[in-house]
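Try each task before you read its solution.

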Amino acid sequence: MDMHPQTSPLQLVSVVVLLALGGGQAAAQSGNLLLEGRDYLTTYNQHGLILSPANGAPGVIYLGIGCDVFSPSRGTGRWSAREGQVYIEFTTGESLPFEGSLRSDMSARCPL
């Protein structure tokens, strides 16, 4: 069951470009999430947030404010959140259940 509105490829590319550039504004570091015992740093900006492996390894994931996801290695998908959990599902069928919480303004956008 798809609980999120459809996002066009152009919207996803726009979000990714803006996230990668930081939207021209300073991004704020704000904690971390865990995936299978690995830390991911969360960096918020006006377009959503960036999940980066804490050890500097490849594997960056971009979460847009429209509940869209982009990962250079995994492709596109959707995300949702609730207190203590962030769930990402890629169009390939791969899913990533992160432990931890996002800022309330982000979690409220895409409830699980």
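## Exercise 1: The disulfide

A search of the whole structure, which is a predicted model, finds one disulfide.

**Task.** Find which cysteines form the disulfide, and work out which parts of the chain the link ties together.

**Solution.** 

Step 1. Start with the sulfur atoms: those of Cys 67 and Cys 110 are 1.8 Å apart. The cut-off for a disulfide is 2.5 Å, and Cys 67 and Cys 110 form one.

Step 2. Cys 67 lies in the loop between β4 (61–64) and β5, and Cys 110 in the segment after α2 (104–107), so the link ties together parts that are 43 residues apart in sequence.

Step 3. Now look at the torsion about the S-S bond. At -100°, the link of Cys 67 and Cys 110 is left-handed.

Step 4. Finally, check accessibility. Cys 67 and Cys 110 are both buried, and for Cys 67 the relative accessible area is 6%.

## Exercise 2: The chain as a whole

**Task.** Describe the protein chain: how many helices and strands are there, and in what pattern do they follow along the sequence?

**Solution.** 

Step 1. Count the elements: the protein chain has two helices and eight strands.

Step 2. Read them along the sequence, and the pattern is α-β-β-β-β-β-β-β-β-α.

Step 3. Turn to burial and surface. The protein chain has 112 residues, of which 38% count as buried.

Step 4. Close with the contacts. Take those in the protein chain with a separation of 6 or more: residues 24 or more positions apart account for 34% of them.

## Exercise 3: Salt bridges

**Task.** How many salt bridges does the model hold, and which residues form them?

**Solution.** 

Step 1. The rule used here asks for a side-chain nitrogen of Lys or Arg within 4 Å of a carboxyl oxygen of Asp or Glu. By this rule there are three salt bridges.

Step 2. Take Glu 36 and Arg 38, whose closest N and O atoms are 3.2 Å apart in their salt bridge. Glu 36 is exposed at a relative accessible area of 67%, while Arg 38 is partly exposed at 42%.

Step 3. Move on to Glu 94 and Arg 74, which meet in a salt bridge at 2.9 Å, N to O. This pair links distant parts of the chain: Glu 94 sits in the loop between β7 (85–90) and β8 (95–99), and Arg 74 in the loop between β5 (68–71) and β6 (75–82), 20 residues apart. Glu 94 is partly exposed, with a relative accessible area of 31%, and Arg 74 is partly exposed too, at 22%.

Step 4. Finish with Asp 105 and Arg 103, where the salt bridge spans 3.0 Å, N to O. Asp 105 is partly exposed at 39% relative accessible area, and Arg 103 counts as partly exposed at 35%.

## Exercise 4: Positive phi angles

**Task.** What are the phi values of Glu 36 and Cys 67, and is each residue buried or exposed?

**Solution.** 

Step 1. Read the angles. Phi of Glu 36 is near 50°, and phi of Cys 67 is about 70°. Both values are positive, and neither residue is a glycine.

Step 2. Locate the residues. Glu 36 lies in the loop between β1 and β2 (38–45), and Cys 67 in the loop between β4 and β5.

Step 3. Compare with the burial cut-offs, under 20% for buried and over 50% for exposed. Glu 36, at 67%, is exposed, whereas Cys 67, at 6%, is buried.

## Exercise 5: Around Leu 34

**Task.** Where is Leu 34 found, and which residues is it in contact with, leaving aside its neighbours within four places in sequence?

**Solution.** 

Step 1. Leu 34 belongs to strand β1 (residues 28–35), and at 32% relative accessibility it counts as partly exposed.

Step 2. With those neighbours left aside, Leu 34 is in contact with Asp 39, Pro 97, Phe 98 and Glu 99.

Step 3. Leu 34 and Pro 53, 19 residues apart in sequence, are 9.5 Å apart in space. Glu 36 and Phe 98, 62 residues apart in sequence, are 7.8 Å apart in space.

Conventions
Residues are numbered from 1 along each chain as its sequence is written. This is a predicted model: local features need pLDDT of at least 70, side-chain atom pairs count only at pLDDT 80 or more; totals for chains, interfaces and linings use all residues. Side-chain values use heavy atoms; hydrogens and water are left out. Buried means under 20% relative accessible area, exposed over 50%, partly exposed in between (1.4 Å probe, protein chains only). Contact means heavy atoms within 4.5 Å.
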